[in-house]
Amino acid sequence: MTAEDRGAGDGDEVVRFWEAHYGRHERVWSGRPNAVLVDIAGPLAAGRALDLGCGEGGDAVWLAGRGWHVTAVDVSVTALERAAAQATAAGVESRIHFQQHDLGRSFPAGTFDLVSAQYLQSPVALPRDHVLRRAAGAVAAGGLLLVVEHGSVPSWARKPDSHARFPTPERALATLELELGAWETERLGAPERQSTGPDGQLGTIRDTVIALRRRAG
Ligand SMILES: C[S@@+](CC[C@H](N)C(=O)[O-])C[C@H]1O[C@@H](n2cnc3c(N)ncnc32)[C@H](O)[C@@H]1O
(Lines give C-alpha, C1' and ligand atoms only; values in the text may rest on other atoms or scores of the structure.)
Protein backbone atom coordinates (compact mmCIF):
# COMPACT_ATOMS: atom_id res chain seq x y z
CA MET A 1 0.00 0.00 0.00
CA THR A 2 1.41 3.43 -0.91
CA ALA A 3 0.85 6.60 1.10
CA GLU A 4 -1.64 7.69 -1.55
CA ASP A 5 -3.89 4.73 -0.84
CA ARG A 6 -4.15 5.54 2.84
CA GLY A 7 -7.11 7.29 4.34
CA ALA A 8 -7.48 10.98 5.06
CA GLY A 9 -5.24 10.51 8.11
CA ASP A 10 -4.28 13.29 10.47
CA GLY A 11 -5.22 16.57 8.74
CA ASP A 12 -2.57 18.47 10.74
CA GLU A 13 0.12 16.15 9.40
CA VAL A 14 -0.95 16.92 5.83
CA VAL A 15 -0.86 20.67 6.43
CA ARG A 16 2.43 20.43 8.31
CA PHE A 17 4.11 18.43 5.55
CA TRP A 18 3.07 20.70 2.70
CA GLU A 19 3.68 23.95 4.61
CA ALA A 20 7.20 22.71 5.42
CA HIS A 21 7.64 21.72 1.76
CA TYR A 22 6.72 25.18 0.47
CA GLY A 23 8.48 26.91 3.38
CA ARG A 24 11.88 25.52 2.37
CA HIS A 25 12.12 27.67 -0.79
CA GLU A 26 10.70 30.98 -1.96
CA ARG A 27 9.43 29.20 -5.04
CA VAL A 28 9.11 25.45 -5.55
CA TRP A 29 7.65 25.05 -9.06
CA SER A 30 8.55 26.75 -12.34
CA GLY A 31 5.38 28.83 -12.63
CA ARG A 32 4.83 27.38 -16.10
CA PRO A 33 1.68 25.36 -16.83
CA ASN A 34 2.03 21.58 -17.04
CA ALA A 35 2.73 20.36 -20.58
CA VAL A 36 -0.07 17.78 -20.71
CA LEU A 37 -2.61 20.36 -19.56
CA VAL A 38 -1.47 22.77 -22.25
CA ASP A 39 -1.67 20.02 -24.85
CA ILE A 40 -5.13 18.81 -23.87
CA ALA A 41 -6.86 21.98 -22.61
CA GLY A 42 -5.26 24.29 -25.18
CA PRO A 43 -7.84 23.57 -27.90
CA LEU A 44 -10.84 23.65 -25.52
CA ALA A 45 -13.32 26.51 -25.30
CA ALA A 46 -13.05 28.29 -21.96
CA GLY A 47 -15.56 27.46 -19.25
CA ARG A 48 -15.42 26.57 -15.56
CA ALA A 49 -12.30 24.72 -14.40
CA LEU A 50 -11.32 23.08 -11.15
CA ASP A 51 -7.58 22.73 -10.43
CA LEU A 52 -6.97 20.21 -7.62
CA GLY A 53 -3.65 20.58 -5.81
CA CYS A 54 -2.92 23.82 -7.67
CA GLY A 55 0.40 24.46 -5.89
CA GLU A 56 1.82 27.85 -6.80
CA GLY A 57 -0.75 28.39 -9.51
CA GLY A 58 1.02 27.84 -12.83
CA ASP A 59 -1.91 25.92 -14.32
CA ALA A 60 -4.66 28.08 -12.80
CA VAL A 61 -3.07 31.29 -14.07
CA TRP A 62 -2.58 29.81 -17.53
CA LEU A 63 -6.21 28.67 -17.70
CA ALA A 64 -7.50 32.03 -16.44
CA GLY A 65 -5.35 33.77 -19.04
CA ARG A 66 -7.25 31.80 -21.66
CA GLY A 67 -10.61 32.93 -20.30
CA TRP A 68 -11.43 30.07 -17.94
CA HIS A 69 -13.08 30.75 -14.59
CA VAL A 70 -10.98 28.67 -12.25
CA THR A 71 -11.50 27.28 -8.78
CA ALA A 72 -7.98 26.49 -7.56
CA VAL A 73 -7.56 24.31 -4.49
CA ASP A 74 -4.63 23.36 -2.32
CA VAL A 75 -4.05 22.29 1.26
CA SER A 76 -1.13 24.72 1.66
CA VAL A 77 -1.96 28.34 2.46
CA THR A 78 1.59 29.32 1.48
CA ALA A 79 1.12 27.78 -1.96
CA LEU A 80 -2.26 29.48 -2.34
CA GLU A 81 -0.82 32.88 -1.38
CA ARG A 82 1.94 32.48 -3.97
CA ALA A 83 -0.60 31.41 -6.56
CA ALA A 84 -2.78 34.43 -5.76
CA ALA A 85 0.23 36.74 -6.12
CA GLN A 86 1.02 35.17 -9.49
CA ALA A 87 -2.59 35.63 -10.58
CA THR A 88 -2.48 39.30 -9.62
CA ALA A 89 0.81 39.80 -11.44
CA ALA A 90 -0.75 38.25 -14.55
CA GLY A 91 -3.91 40.37 -14.18
CA VAL A 92 -6.22 37.35 -13.99
CA GLU A 93 -7.06 37.37 -10.27
CA SER A 94 -10.76 38.12 -10.95
CA ARG A 95 -11.08 34.79 -12.78
CA ILE A 96 -9.55 32.58 -10.08
CA HIS A 97 -11.22 31.61 -6.84
CA PHE A 98 -8.68 30.12 -4.46
CA GLN A 99 -9.87 27.69 -1.81
CA GLN A 100 -8.00 25.83 0.89
CA HIS A 101 -9.09 22.21 1.30
CA ASP A 102 -7.52 19.05 2.56
CA LEU A 103 -9.14 17.09 -0.25
CA GLY A 104 -9.23 13.96 1.87
CA ARG A 105 -11.65 15.79 4.12
CA SER A 106 -13.52 18.39 2.10
CA PHE A 107 -14.12 19.17 -1.56
CA PRO A 108 -15.19 22.33 -3.43
CA ALA A 109 -18.85 22.64 -4.38
CA GLY A 110 -20.11 22.84 -7.95
CA THR A 111 -19.61 21.23 -11.32
CA PHE A 112 -16.98 22.12 -13.89
CA ASP A 113 -16.25 21.78 -17.61
CA LEU A 114 -12.68 20.78 -16.79
CA VAL A 115 -11.49 19.08 -13.62
CA SER A 116 -7.71 18.82 -13.59
CA ALA A 117 -5.54 16.94 -11.10
CA GLN A 118 -1.89 17.41 -12.05
CA TYR A 119 0.51 15.36 -9.94
CA LEU A 120 -1.93 15.43 -7.02
CA GLN A 121 0.36 13.03 -5.19
CA SER A 122 1.68 13.13 -1.68
CA PRO A 123 4.03 11.19 0.59
CA VAL A 124 1.60 11.89 3.45
CA ALA A 125 -2.00 10.73 3.71
CA LEU A 126 -4.01 11.37 0.57
CA PRO A 127 -6.90 9.02 -0.27
CA ARG A 128 -6.18 9.25 -4.00
CA ASP A 129 -9.01 7.05 -5.28
CA HIS A 130 -11.64 8.73 -3.08
CA VAL A 131 -10.48 12.22 -4.11
CA LEU A 132 -10.38 11.37 -7.81
CA ARG A 133 -13.84 9.79 -7.64
CA ARG A 134 -15.10 13.04 -6.16
CA ALA A 135 -13.23 14.85 -8.92
CA ALA A 136 -15.09 12.74 -11.50
CA GLY A 137 -18.35 13.56 -9.75
CA ALA A 138 -17.61 17.27 -10.20
CA VAL A 139 -17.34 17.03 -14.01
CA ALA A 140 -20.34 18.58 -15.78
CA ALA A 141 -22.07 16.78 -18.66
CA GLY A 142 -19.80 17.09 -21.69
CA GLY A 143 -16.88 18.11 -19.46
CA LEU A 144 -13.39 16.66 -19.15
CA LEU A 145 -11.63 14.88 -16.28
CA LEU A 146 -7.86 15.16 -16.65
CA VAL A 147 -5.59 13.25 -14.28
CA VAL A 148 -1.82 13.35 -14.74
CA GLU A 149 0.43 11.42 -12.38
CA HIS A 150 4.06 10.42 -12.24
CA GLY A 151 4.47 7.27 -14.31
CA SER A 152 8.19 6.56 -13.74
CA VAL A 153 11.23 7.88 -11.95
CA PRO A 154 13.36 10.20 -14.07
CA SER A 155 16.09 8.54 -16.12
CA TRP A 156 18.71 10.71 -14.39
CA ALA A 157 17.82 9.35 -10.91
CA ARG A 158 20.84 7.58 -9.38
CA LYS A 159 18.82 4.82 -7.74
CA PRO A 160 15.71 4.25 -9.80
CA ASP A 161 12.92 2.76 -7.71
CA SER A 162 11.10 -0.34 -8.81
CA HIS A 163 8.69 0.26 -11.68
CA ALA A 164 6.18 -1.71 -9.61
CA ARG A 165 5.49 1.58 -7.78
CA PHE A 166 3.83 2.93 -10.89
CA PRO A 167 0.57 1.35 -12.01
CA THR A 168 -0.16 1.06 -15.70
CA PRO A 169 -2.54 3.72 -17.05
CA GLU A 170 -5.23 1.03 -17.34
CA ARG A 171 -4.77 0.08 -13.68
CA ALA A 172 -4.71 3.76 -12.60
CA LEU A 173 -8.04 4.21 -14.38
CA ALA A 174 -9.55 1.00 -13.02
CA THR A 175 -8.90 2.03 -9.42
CA LEU A 176 -11.26 4.98 -9.91
CA GLU A 177 -14.13 2.50 -10.39
CA LEU A 178 -15.95 4.88 -12.72
CA GLU A 179 -19.03 3.83 -14.62
CA LEU A 180 -17.15 3.67 -17.90
CA GLY A 181 -20.28 3.77 -20.05
CA ALA A 182 -20.77 7.33 -18.84
CA TRP A 183 -17.35 8.41 -20.14
CA GLU A 184 -15.49 8.60 -23.41
CA THR A 185 -11.74 7.99 -23.14
CA GLU A 186 -9.84 10.78 -24.89
CA ARG A 187 -6.37 9.83 -23.63
CA LEU A 188 -5.02 6.88 -21.68
CA GLY A 189 -1.29 6.34 -21.79
CA ALA A 190 2.16 6.95 -20.37
CA PRO A 191 3.92 9.43 -22.68
CA GLU A 192 7.57 10.32 -22.10
CA ARG A 193 8.77 13.88 -21.73
CA GLN A 194 12.04 15.72 -21.05
CA SER A 195 13.04 16.10 -17.43
CA THR A 196 15.87 18.13 -15.89
CA GLY A 197 17.41 16.99 -12.61
CA PRO A 198 18.39 19.22 -9.67
CA ASP A 199 21.99 19.49 -10.96
CA GLY A 200 20.90 20.23 -14.51
CA GLN A 201 21.03 16.59 -15.64
CA LEU A 202 18.99 16.02 -18.78
CA GLY A 203 16.78 12.98 -19.03
CA THR A 204 13.27 11.71 -19.53
CA ILE A 205 10.33 10.74 -17.36
CA ARG A 206 6.92 9.21 -17.99
CA ASP A 207 3.54 10.62 -16.99
CA THR A 208 0.40 8.56 -16.54
CA VAL A 209 -2.33 10.46 -18.40
CA ILE A 210 -6.06 9.86 -18.06
CA ALA A 211 -8.42 12.18 -19.97
CA LEU A 212 -12.10 11.22 -19.90
CA ARG A 213 -15.03 13.16 -21.27
CA ARG A 214 -18.36 12.75 -19.51
CA ARG A 215 -20.99 11.86 -22.08
CA ALA A 216 -23.57 14.59 -22.45
CA GLY A 217 -26.71 12.50 -22.50
C1 LIG B 1 3.30 17.49 -6.48
S2 LIG B 1 2.46 18.96 -6.12
C3 LIG B 1 1.74 19.43 -7.68
C4 LIG B 1 1.38 20.89 -7.74
C5 LIG B 1 0.81 21.37 -9.08
N6 LIG B 1 -0.40 20.67 -9.44
C7 LIG B 1 1.84 21.23 -10.17
O8 LIG B 1 1.67 20.39 -11.06
O9 LIG B 1 2.84 21.98 -10.13
C10 LIG B 1 1.07 18.37 -5.19
C11 LIG B 1 0.20 19.49 -4.65
O12 LIG B 1 -0.94 18.89 -4.03
C13 LIG B 1 -1.18 19.53 -2.80
N14 LIG B 1 -1.82 18.55 -1.91
C15 LIG B 1 -1.26 17.44 -1.38
N16 LIG B 1 -2.13 16.80 -0.58
C17 LIG B 1 -3.28 17.53 -0.63
C18 LIG B 1 -4.54 17.40 0.00
N19 LIG B 1 -4.81 16.39 0.84
N20 LIG B 1 -5.49 18.32 -0.26
C21 LIG B 1 -5.22 19.36 -1.10
N22 LIG B 1 -4.04 19.55 -1.71
C23 LIG B 1 -3.07 18.65 -1.47
C24 LIG B 1 0.19 19.98 -2.31
O25 LIG B 1 0.14 21.04 -1.39
C26 LIG B 1 0.88 20.37 -3.61
O27 LIG B 1 0.69 21.72 -3.91
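Predicted model: local features only at pLDDT ≥ 70, side-chain atom pairs only at ≥ 80, totals over all residues.
Local features are taken only at pLDDT of at least 70 and side-chain atom pairs only at pLDDT 80 or more, while totals for chains, interfaces and linings use all residues. Residues are numbered from 1 along each chain as its sequence is written.

The UniProt record lists residues 50–143 as "domain: Methyltransferase", in an unreviewed entry. UniProt positions follow the numbering used here, feature names are shortened, and annotations may be inferred rather than shown by experiment. Over residues 50–143 the chain is 33% helix and 28% strand. The end C-alpha atoms of this stretch are 11 Å apart. Helices (H or I, at least four residues) and strands (E, at least two) are DSSP runs, numbered from the N terminus.

Helix α4 covers residues 77–89. The expected span of a helix is 1.5 Å times one less than its number of residues. For the 13 residues of α4 this gives 18 Å, and the end C-alpha atoms are 18 Å apart, which agrees. The buried residues of α4 are Ala79, Leu80, Arg82, Ala83 and Ala87. They fall within an arc of 160 degrees seen down the helix axis, so they line one face of α4. The arc is that of the directions from the helix axis to the C-beta atoms. An α-helix has 3.6 residues a turn, so residues three or four places apart point the same way. A residue is buried if 20 or more other C-beta atoms lie within 10 Å of its own, exposed if 12 or fewer, and partly exposed in between, with C-beta atoms placed from the backbone. Just after α4, Gly91 takes a positive phi of about 75 degrees.

Two strands pair if DSSP finds at least two bridges between them. Strand β4 (residues 112–118) pairs with strand β5 (residues 139–150) in the parallel sense, over 6 bridges. Gln118 has Val148 of β5 as its bridge partner. Between these strands the chain passes through helix α5 (residues 128–137), and the β-α-β crossover is right-handed. A crossover is right-handed if, with the strands pointing away from the viewer, the path from the first strand over the helix to the second runs clockwise.

Strand β8 (residues 202–214) pairs with β5 in the antiparallel sense over 7 bridges. Leu145 stands opposite Leu212 of β8. Val147 has Ile210 of β8 as its bridge partner. β8 also pairs with β6, again antiparallel, over 6 bridges. Here Glu184 stands opposite Arg213. Strand β7 (residues 192–196) runs antiparallel to β8 and is joined to β8 by 5 bridges. The hairpin of β7 and β8 has 5 residues between the strands. In this hairpin, Gly200 takes a positive phi near 80 degrees.

Positive phi values also occur in residues other than glycine, including Tyr119, with phi near 55 degrees. Tyr119 is in the loop between β4 and α5. This residue has 15 other C-beta atoms within 10 Å and is partly exposed. Glu177 has a positive phi near 50 degrees. The place of Glu177 is the loop between α6 (169–174) and β6 (183–189). Glu177 counts as exposed, with 11 C-beta neighbours inside 10 Å.
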